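Here is a friendly briefing to read alongside the model. Please keep the sequence and the 3D view open as you go.

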Amino acid sequence: MPDGMIAMDDEDELEARSERRGNWFLRFWGRSGRPKVVESRKDRVWRLLESGIIASKSGDLPSAQKYFKEACDLDPRNKIALEMAAFAANRANDWDSSYEYWTRLGDLNEGRSGPQRHRLNALVKSRRWDEARTLAERLIEEDPKDVKLRTAMVELSIAQGDIPASQQAAEAAHEADGSTDVAERLMELYLSAKLPVDAERWTRAVEGVRGETLSTILSRARIAYITKDFEAAQEQLDRLEDEDELPEKVRKKASALYGRIAVNQGQFDEATKHFNATLELDPENAEAISYLVGRKLVLRRFDEAQALLVSKGWHQDPVQAPIWDARRRVARDDVKGGIRILTQAVENAPDRVPLVVALIELKIDTGDLQGAREVAERYRNQFGKVFDVEEMLFRIALAQDWSPEGKEQQAREVLALNPRNTSLLNALGTLMVKEEKRADAAEHYVASVETAPNSAMLWRNGAYHLRMIDQMERAADFARASEQYFSRSNAEDAAELAAIYRNAGMLPEAVECAETGLIVKPSSRRVNEIAAELSLDQGQYDVAAERLGVVADHPERKLKITVRAAKVQTAFRTLERRRSSVIPLPSNALCPEALFDLALEISEPDYSPERKAVVNVTGSLAGGGAERQVTYSMQGFMARPEIAPHNRLIVDSLDPSKARDFYLKEVQGLGCPVICLEDTRQSGKVRNFIAEHPELREKIQLINAMPPEISRYALPLFVELTLLKPRVVHLWQDMTNMSGGLACMLAGVPRVIIATRNTRPLNQRRLRRYMIHVYHTLRKYEGTVCINNSGIGARDYEEWLGWEEGAINVLYNGYDFSLIQKKASQSRADEIRADLGIPKDALVVGGAMRFATIKRPDMWVKVLTDAISKHDNIYGVLCGDGPMRDTLLKEVEEAGLSKRIILAGRQSPIEPWMKMYDMFFLSSITEGLPNVLVESQAIGTPIATMPAGGAPEAFVQDESGILLPEGAPPEELSRRICELLTNKERLDAFAAAAPEVVTSRFGQEAMIERTLSFYF
């Protein structure tokens, strides 16, 4: 039987009280024991009450409610009838009826606080938050000393997700009555709400007066369970078991907690034993009954499951009976029958939320997502938004692959009903990251820890995403702030702090926390796991092995840790070969550095004449600059008869949901074969290859010993390269260079082209500890050539790597200018201008970029805002998408400039838009050699650019564009842009010169010729 927010009276006591009040039994039967012939209205009321009590005791709640309702209708002022009807409504979770009955009782008993508290309980249960808070505040004002009302206010605030308000209310309740009873009540409230830090605070308050008690030991066990420290929870429970006389209430809770721990550890037989013991102590324990019945269904012991349900009266319960009947039918593979049972139950009682939720969940579990959605939306339209139903809709949104906006909106709908649900808060952040709105996700996590400060998961993710957008100082401050909620003196907390600091990029602090945790509790699984991860981060595989050994046999060990342990052992076995070679393995060797060195040692180029394939390898075909150059290269190669038959393109991922297939159709239209490594991974091709080539076991073992971010890419690529036997492999960008370089060495590729990115990898998403060592190793492989698409980019990499000048060759990007100019239709450009509502005589400053911090779209908007404030005929049009776009859209709208600064989203083809611009403005912090500057000039659009990376190499200063000063304020940048833009004669001269400037320097044919000079 579900508990209400405020304890209910025992039914037997209620019956006895009603007999004392009305002596209705004698009135009905008469003193002679014979029933009266004529039944008065009052006698009928008492007879209905007797029938209701009998039905209630037998578990037939619908009949009980019916009898009690009839009694209340016959005698609306009968307090006993109203009280029985109210309790029956509570038991049936019929909170609207409960509220009505308790309200009527309160009106009849103005001096009694009980009905008002029950009325408050009904409002809370039905999530009528505003009404509940108003009532609670009024009742407390009327009786400030009523501690039960004050604790009810605490629970109301918790239910609303307003933890700070609950904490204030808790302190006020304790101040009003400082007894340990109040502290114990608050301790229990926070335990039930799974808020371990607050539960710990009130546990200490109880101990401060009484010392350690059985209830505080149980509390600490429950706190440990909430924080998933099952070992500590078990230790505390074992202390209780040592007590000779354990109160029944404590024993019941301890037994159930033992069962929960066993379930979480996958020890189902042990869980069954504990829940059976719980049922002996507490025959009506709903948790134990649910687990045992569910377990029997899993084991297909259907008769036993039914017998248990009948013995507990659940077979007659209007909610439990159809739910378990449906589950039993599904367990017997009668899915349609199960759905039919629940559908009928919902039709009979559409106001019973548990039935609706059970039907939705069953449809989801059986794959009928559309049917589940229809039920959920029908219920929402009829009764409004209820948390459990909205949560089911969110599950459906994820499974049905709703649009990103739809998923995010549904997540917000659920959070509005339960703002402190940490799983949902994290799910919303994850959605933002998948939509490439990482900056928004970081801000979301920062806000989320204010709502749920005790969630280490939210702190970890907040620190990580702040670091990934290169806000290192904020990430550090954010990580330090978490120490308010997690104590280093607790091993599990120390582990969480280590993980938070690790995600913030603060390895010294992370290591310090992990070491502290190991001192506090050397055997802790969680501490050893994070300590192992930190050792792996630093390449200290020998130290990691020691930590992983502690958790090797732990039942709660994470799968990721199992994989890490396997990789460490594989690395050790692989490196045994090197120990026996002429080059000794240093005792302090780091991995994967030592593994790359070994790969170099065991690899040699294969110059056999059968090697003819030319293979380019890239991460994706998304709409970026590097991917565009890959596409242009494929155009040039497929136009060469001597290369086209041997030309191949290998791509890691072509996931359309992440727009990684932007150039795919264009490449396929050239007739170029495209191999996707995601398909190779999933097709079983790798597994078959390993089975068919035992001679390559050592090399495959070496790849598998690498960190997952390398082995995931390198293994399928090694398979494809071994089968293709290419003469040349051209790798694009840093992480592809790492993984691809390894695969190329082991596959014996005689010529490996390593194309570095625009500038050295300082961005946190790109940088890896081992990169410099790996680049040095790859350069030692015979036949390796390093290139960069700009002189400034090449010199930047050389400085970073400590290489001599000229070690990296410059290969300017190449373009098919005829195709670009063909796409740049003037008529289409005029249509775009008209569609946007831009006057023909207006001046348009344009741009095209990914809306990310490194591109500075916010500065672009500020510059245009200033220009527009000074010139009535200037407009701004910015194409592209990315994590900052929504924020900038809002800013532009709030400034009233939506018609003057147009954020047009991703556009393809982009050329007509560039043709529509009078000037192209590039605001990036860093670039390689920006493709958009070259393409813009090819169309005849002058440029204004920041001195980002190779941007100055992309044009001729004061001939086809202007170079803007880095560090200048937006007003100064705006002034310089407007000077050129409003000087028509000079602007026209720039436009005329621009195509000739780029054609002479960046022609596609010249680029292909130079590329082939590196290939052969």
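Cys-744 is buried, with a relative accessible area of 0%. In this predicted model, Cys-744 takes part in no disulfide, and the nearest cysteine sulfur, that of Cys-786, lies 12 Å away.

**Cysteines**

- With a disulfide requiring two cysteine sulfur atoms within 2.5 Å, the count comes to zero disulfides.
- Cys-672 is likewise in no disulfide, its nearest cysteine sulfur being that of Cys-676 at 14 Å.
- Cys-672 has 4% relative accessibility and so counts as buried, the limit being under 20%.

**Overall build**

- The protein has 1016 residues, and buried residues make up 55% of them.
- You will find 52 helices and 13 strands in the protein.
- Taken along the principal axes, the C-alpha atoms fill a box of roughly 120 × 75 × 55 Å.
- Among contacts with a sequence separation of 6 or more, 65% join residues 24 or more positions apart.

**Helices H25 and H26**

- The axes of H25 (residues 422–434) and H26 (residues 438–451) come within 7 Å and cross at roughly 165°.
- That angle is over 145 degrees, so the two count as roughly antiparallel.
- H25 and H26 make a left-handed crossing.
- On the H25 side, the contact is made by Leu-425, Asn-426, Leu-428, Gly-429, Thr-430, Met-432 and Val-433.
- H26 contributes Arg-438, Asp-440, Ala-441, His-444, Tyr-445 and Ser-448 to this contact.
- Sorted by class, the contact of H25 with H26 holds six nonpolar, five polar and two charged residues.

**Helices H27 and H28**

- H27 (residues 456–468) and H28 (residues 472–481) have axes that come within 8 Å and cross at roughly 165°.
- H27 and H28 are therefore roughly antiparallel to each other, and H27 passes H28 in a left-handed crossing.
- Leu-458, Trp-459, Gly-462, Ala-463, Leu-466 and Arg-467 of H27 meet Met-472, Arg-474, Ala-475, Phe-478 and Ala-481 of H28.
- By class, this contact of H27 with H28 has eight nonpolar, one polar and two charged residues.
- The loop between H27 and H28 holds Asp-470, which has a positive phi of about 65° although it is not a glycine.
- Asp-470 is partly exposed, with a relative accessible area of 34%.

**Backbone details worth a look**

- Most residues other than glycine have a negative phi, and most peptide bonds are trans.
- Lys-194 is a non-glycine residue with a positive phi, near 60°.
- Lys-194 sits in the loop between helix H11 (180–192) and helix H12 (196–210), and is exposed, with a relative accessible area of 55%.
- The peptide bond from Cys-591 to Pro-592 is cis, with omega near 10°; Pro-592 lies in the loop between helix H33 (559–579) and helix H34 (593–602).
- Another cis peptide bond runs from Ser-908 to Pro-909, with omega near 0°; the place of Pro-909 is the loop between strand S10 (901–905) and helix H48 (911–916).

**The loop at Pro-283**

- Pro-283 lies in the loop between helix H16 (268–281) and helix H17 (286–298), and is partly exposed at 38% relative accessible area.
- Leaving aside residues up to four places away in sequence, Pro-283 touches Ile-289 and Lys-312.
- Pro-283 and Lys-312 are 29 residues apart in sequence, with their C-alpha atoms 7.9 Å apart in space.

Terms used: Residues numbered from 1 in each chain as written. Predicted model: local features only at pLDDT ≥ 70, side-chain atom pairs only at ≥ 80, totals over all residues. Heavy atoms only, no water. Axes fitted to C-alpha atoms, helices over the stretch in contact; angles between N-to-C directions. Helix = DSSP H or I, 4+ residues; strand = E, 2+ residues; numbered from the N terminus. Parallel < 35°, antiparallel > 145°, perpendicular 65-115°, else oblique. Left-handed = near helix turned anticlockwise from the far one by under 90°. Contact = heavy atoms within 4.5 Å. Nonpolar A, V, L, I, M, F, W, Y, C, P; charged D, E, K, R; others polar. Buried < 20%, exposed > 50% of the residue type's maximum accessible area, 1.4 Å probe, protein only.
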